[in-house]
Amino acid sequence: MNKFDFYNPTHIVFGKDRLKELDKLVPQGARVLILYGGGSAKKTGTLQKVIGGLGNRTVFEFGGIEPNPQFNTLMKAVELVRQNNIDFLLAVGGGSVMDGTKFIALATPWEQGREEEIVFLRYRPIEIKSALPFGTVVTLPATGSEMNCTAVITHNQGKFVISNPLVYPAFSFLDPTLTFSLPPHQVANGIADTFVHTTEQYITYPVDAGFQDRTAEGILQTLIEIGRKTIDEPEDYDARANLVWCATMALNGLIGAGVPQDWTSHMIGHELTALFHIDHGTTLAILLPSVLTVLKDQKRAKLLQYAERVWNINEGSEDSRIEEAIAKTREFFESLGIKTHLTDYDVLDSDIESVVHALEEHGLTALSEKGNVNLEISRKILLGAM
Ligand code: NZQ
Ligand code: ZN
């Protein structure tokens, strides 16, 4: 096992009908800004319940954070926060609203006029000393943003990953019933996102990390068990509760501690979202089978473990077991209703160069657990995903 730090201060409040407890968790006397997306939080009544839980605190609202949150939209919220001396943020939504809130938390105390530096902090590091405190109410189980310190912000034609320990949420409410209203394709996206977060921290090379491996396998098996059911029966509480908790645990640092990681599907996937507007979870279901095929040799030992322990594939040559496991992975995504070929989204062979160019522009030229996925291998992965 590799050396690691594990730090995660987020308080999780899990279960139905607990929004009244916001009153205990949001500081008394706080001036609170509630952030939400395009309107689902209003339509479903979640927003009203959140306001009810805040008692007599002064409450402001900012709606309209779009999927793949845009820097320009978020800057409007930063201005609102500054003008009204807001001192606590509350995100009500999926990954886009939570990530947008993290950006606002970092950008508000940063120097006025230089907020773009926050978006690019991974490429040009800056020393950030403070962030506004915030909590989240999760309405879409997928990204794990509710219990990690990462955000993905869209700026012009690029998606940029921000990570800073100051933006762990103070608390996150996980009430599976708040997700019942999701359309089937968003539930499927959430399952695919959770699945691929798990494989990207698991299908690399062995470092004898028994707990992390078995936990990752547990998440994958749970998703396979409840995936179709929670799409078909959205109000089955137990199935949905399992999805919600898997999504949080897949990307809160637990299974990634002390193991090699490979974020190739995510990094190429972000470019597909930026260029062709394919949903985040869907890009991953398209790319993962191709990534595993192209990188089969360097991942051989873990692919065989994955085949045996997750899919119960024990017979045949090594290559045939690996191929069968990859085929089962694709079938699983397709069984959720996600089409897994780029051509299904009208992306043509001739579009591939624009993706490769974007990867180059964003410095994503040494991906995978070995840093060996250069632009040529990324091109191969994309062609394999057609
Ligand atoms: O905007 P509204 O009207 O709320 O509708 C949203 C949105 O259209 C809808 N929705 C959310 N909850 C709902 C609902 N509709 C009905 N009922 C509900 N209960 O779902 C749509 C998609 O929402 P979005 O937040 O964009 O989806 P998701 O949670 O998949 O987040 C995707 C974003 O997270 C980033 C992605 O790159 C993308 O920008 N990621 C963030 C990560 C992180 N912070 O650690 C890691 C991930 O890998 C990912 O990159
Ligand atoms: Zn993801």
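Helix 5 (95–107), strand 6 (150–155), helix 7 (184–200) and helix 10 (264–276) each contribute at least two residues to the shell around ligand 1. Helices (H or I, at least four residues) and strands (E, at least two) are DSSP runs, numbered from the N terminus. This is a predicted model, in which local features need pLDDT of at least 70 and side-chain atom pairs count only at pLDDT 80 or more, while totals for chains, interfaces and linings use all residues. Residues are numbered from 1 along each chain as its sequence is written, chains are lettered from A and ligands numbered from 1 in the order in which they are written, and side-chain values use heavy atoms, with hydrogens and water left out.

**The ligand site**

Ligand 1 is surrounded by 30 residues, and the closest are Gly38, Ser40, Gly95, Ser96 and Lys159. A residue is near a molecule or strand if one of its heavy atoms lies within 4 Å of it. By class, the shell holds eight nonpolar, 19 polar and three charged residues. In this scheme Ala, Val, Leu, Ile, Met, Phe, Trp, Tyr, Cys and Pro count as nonpolar, Asp, Glu, Lys and Arg as charged, and the others, Gly among them, as polar. Domain 1 (11–178) and domain 2 (183–384) each give at least three residues to the shell around ligand 1; the domain bounds come from an automatic or database domain assignment.

| Residue and part | Ligand 1 atom | Distance |
|---|---|---|
| Ser145, side chain | nitrogen | 3.4 Å |
| Leu178, backbone | nitrogen | 3.1 Å |
| His280, side chain | oxygen | 3.0 Å |

On its own, ligand 1 has 960 Å² of accessible area, and the protein covers 88% of this. Accessible areas come from the Shrake-Rupley method with a 1.4 Å probe; for residues, only the protein chains shown count as cover.

**Buried residues**

Buried means under 20% relative accessible area, exposed over 50%, and partly exposed in between (1.4 Å probe, protein chains only). Thr230 is found in helix 8 (residues 210–232). Thr230 is buried because its relative accessible area is 0%. The side chain of Thr230 also makes a polar contact of 2.7 Å with the side chain of Arg240.

Lys299 lies in the loop between helix 11 (280–294) and helix 12. With 1% relative accessibility, Lys299 likewise counts as buried. The C-alpha atoms of Lys299 and Ile65 are separated by 38 Å, and these residues are 234 apart along the chain.

A search of the whole structure finds zero disulfides, a disulfide being a pair of cysteine sulfur atoms within 2.5 Å.

**Loop residues**

Most residues other than glycine have a negative phi. Asn85, by contrast, has a positive phi near 50 degrees. Asn85 is placed in the loop between helix 4 (71–83) and strand 4 (88–93), and it counts as exposed because its relative accessibility is 58%.

Asn312 also has a positive phi, near 55 degrees. The loop between helix 12 (300–311) and helix 13 (318–335) holds Asn312, which is exposed with a relative accessible area of 59%.

Thr365 is found in the loop between helix 14 (352–361) and helix 15 (375–384). At 34% relative accessible area, Thr365 is partly exposed. Between the C-alpha atoms of Thr365 and Ser378, 13 residues apart along the chain, the separation is 8.5 Å.

Terms used:
A polar contact is a pair of N or O atoms within 3.5 Å; within protein, one must be able to donate a hydrogen and the other to accept it, and residues adjacent in sequence count only if both atoms are side-chain atoms.
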